Amino acid sequence: MADIVFAFDPVIHRPIAVPQGAPAAVADTIATAAVAALEQAAAVASKANAAALVLCGRILDPSRSSPAQAARLRQVIASLAARGCRTVMIADETSFCHDISRMLGEPRGLFFVTPLAPLEFEVRGLAVEIASAHGPSSAGSGAAFTAAASPLHRRIVIGWDNALWNPEPWTPDKQVYGVTPEPAILPAAAAFATAAAASTAWSQPGTFWIWASRRRQALPPGVHFMPALQARSIDEAAAGACCTLTLLDREPGDASSDDDAFAAPHADWRATWHEVPTHRVNWRTVSVDSPSGGDEELATTIWGALENLPADRQPALEIVRCSVACGTSVARRVRIGEIAAETLARVRDLYDSQSFRVWCQEIVAEPTESLAPLGHARSGSRPGSTTSFSSALADIVTLVEQSQAIPADQAREAGWLALELIESV
């Protein structure tokens, strides 16, 4: 049972890009994954007889969405309203509330939260307030209850960042050590926690703090993490899930959606925060050692690794990136690049959409292997020797990693690409 279901960043106006050459079954699953994940979250709320489904992050852009996408969202809202469940959208601007409401035809059961206007409602006698962390921490709601106000109150404060929203790895910004860093992730979870702890409104015992992001990160104590509904790359914190919170003690068989019926508050309601998988597509990296031989031997090795993958409890499509470990052999890395296309074709020929839902997207030489063994300190090379360039480049990559000007995996990938280019010339 759950009283409130939370969903982050459905962004249904931006379907996930379909890989080139994907068969129809794979393409359809990927193209509809975003809206299917939202519908799964709504199904979780419906099954749990929840009082509200709370949506935050990017939901639906009225200026970019299609009528079909708007219709799918309206259907979600209408189906929940029929069961007495609210759909609450947290918006950064009031204009979004007007635009999306107009586009959806002002469906029944749709409510909004803005930085300056929290939303208050009752769940079986328990006062619940949903507030946006992107507004002033002292913002309060002046909403009045039609029924007698309960002395118990739960304030849920939700914030999120824009991590991994921009597909471009680089943006013009201040340079560090001559290198342009990744775009800043705003706002920061630590700043949110600091402001929340200092706020008289948000530091009350009945307050519950939620931080949503697509990026893996360590959160301050007391802040609960929420992943996106559907991941869009392998770099994300989770494959995709909605989160549930139980505020009241209810019998599992109680299907009533009447908020006026009193229920006792859950004694340990904070511990009821749980993730429920909603993803339809899952990204995974499979690592194999580079075999001797050509594309046939490599394809056999990769397929053996795919068959040994642990089964996902969620019936999702696996998009696999196969990483081939080559040690410090630049020649072998170049060879992997030469036979990657043929190997990929062999692996894809074995795909069966009914019995084995794994689609191999690409085969690459492991880009994050350390270049340290090639450096002067370990290789023993000397200036002027045939390996002096490799050693010097390895030393540069090591220094960049230590300076943390850019992530270590990106520095290593750039170093290997330079060595492979020279090897193949």
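This is a predicted model: local features need pLDDT of at least 70, side-chain atom pairs count only at pLDDT 80 or more; totals for chains, interfaces and linings use all residues.

Ring rule first: I pair the rings of Phe, Tyr and Trp (its six-membered ring) if their centres lie within 6.5 Å, and planes between the stacked limit of under 30 degrees and the edge-to-face limit of over 60 count as tilted.

**Entry 1, aromatic rings.** I asked how many aromatic pairs the rule gives. The count comes to three. I looked at phenylalanine 208 with tryptophan 269: the ring centres are 5.6 Å apart and the planes sit at 45°, so I logged the pair as tilted. These two come from distant parts of the chain, with phenylalanine 208 in strand E8 and tryptophan 269 in the loop between E10 and strand E11 (274-277), 61 residues apart. Phenylalanine 208 has a relative accessible area of 0%, and tryptophan 269 is buried as well, at 6%.

Phenylalanine 208 also pairs with tryptophan 273, again tilted, at 5.5 Å centre to centre and 50° between the planes. Tryptophan 273 is in the loop between E10 and E11 while phenylalanine 208 is in strand E8, so this pair ties together parts 65 residues apart in sequence. Both of these residues are buried. Put together, ring pairs link Phe6, Phe208, Trp269 and Trp273 into a cluster.

I then listed the contacts of isoleucine 158, skipping neighbours within four places in sequence: Phe6, Val54, Cys56, Ile90, Ile130, Ala131, Ser132, Ala133 and Ile210.

I picked H3 (residues 67-81) next; its 15 residues reach 21 Å from first C-alpha to last, close to the 21 Å expected at 1.5 Å a residue. Which residues of H3 are buried? My list reads Gln69, Ala70, Leu73, Val76, Ile77, Leu80 and Ala81. They cover an arc of only 135° around the axis, so they fall on the same side of H3. On the other side, Pro67, Ala68 and Gln75 are exposed. For the packing partners of the buried residues I noted helix H2 (33-47), E2, E3, helix H4 (94-104) and strand E4 (110-113).

I also checked serine 65, in the loop between E2 and H3. Serine 65 counts as buried because its relative accessibility is 13%, under the 20% limit. Not counting residues up to four places away in sequence, serine 65 touches His13, Leu60 and Met103.

I searched the whole structure for disulfides and got zero. Cysteine 322 is buried, at 1% relative accessibility, and cysteine 360 is buried at 2%.

Methods. Residues are numbered from 1 along each chain as its sequence is written. Side-chain values use heavy atoms; hydrogens and water are left out. Contact means heavy atoms within 4.5 Å. Helices (H or I, at least four residues) and strands (E, at least two) are DSSP runs, numbered from the N terminus. The expected span of a helix is 1.5 Å times one less than its number of residues. Buried means under 20% relative accessible area, exposed over 50%, partly exposed in between (1.4 Å probe, protein chains only). The arc is that of the directions from the helix axis to the C-beta atoms. A disulfide is a pair of cysteine sulfur atoms within 2.5 Å.
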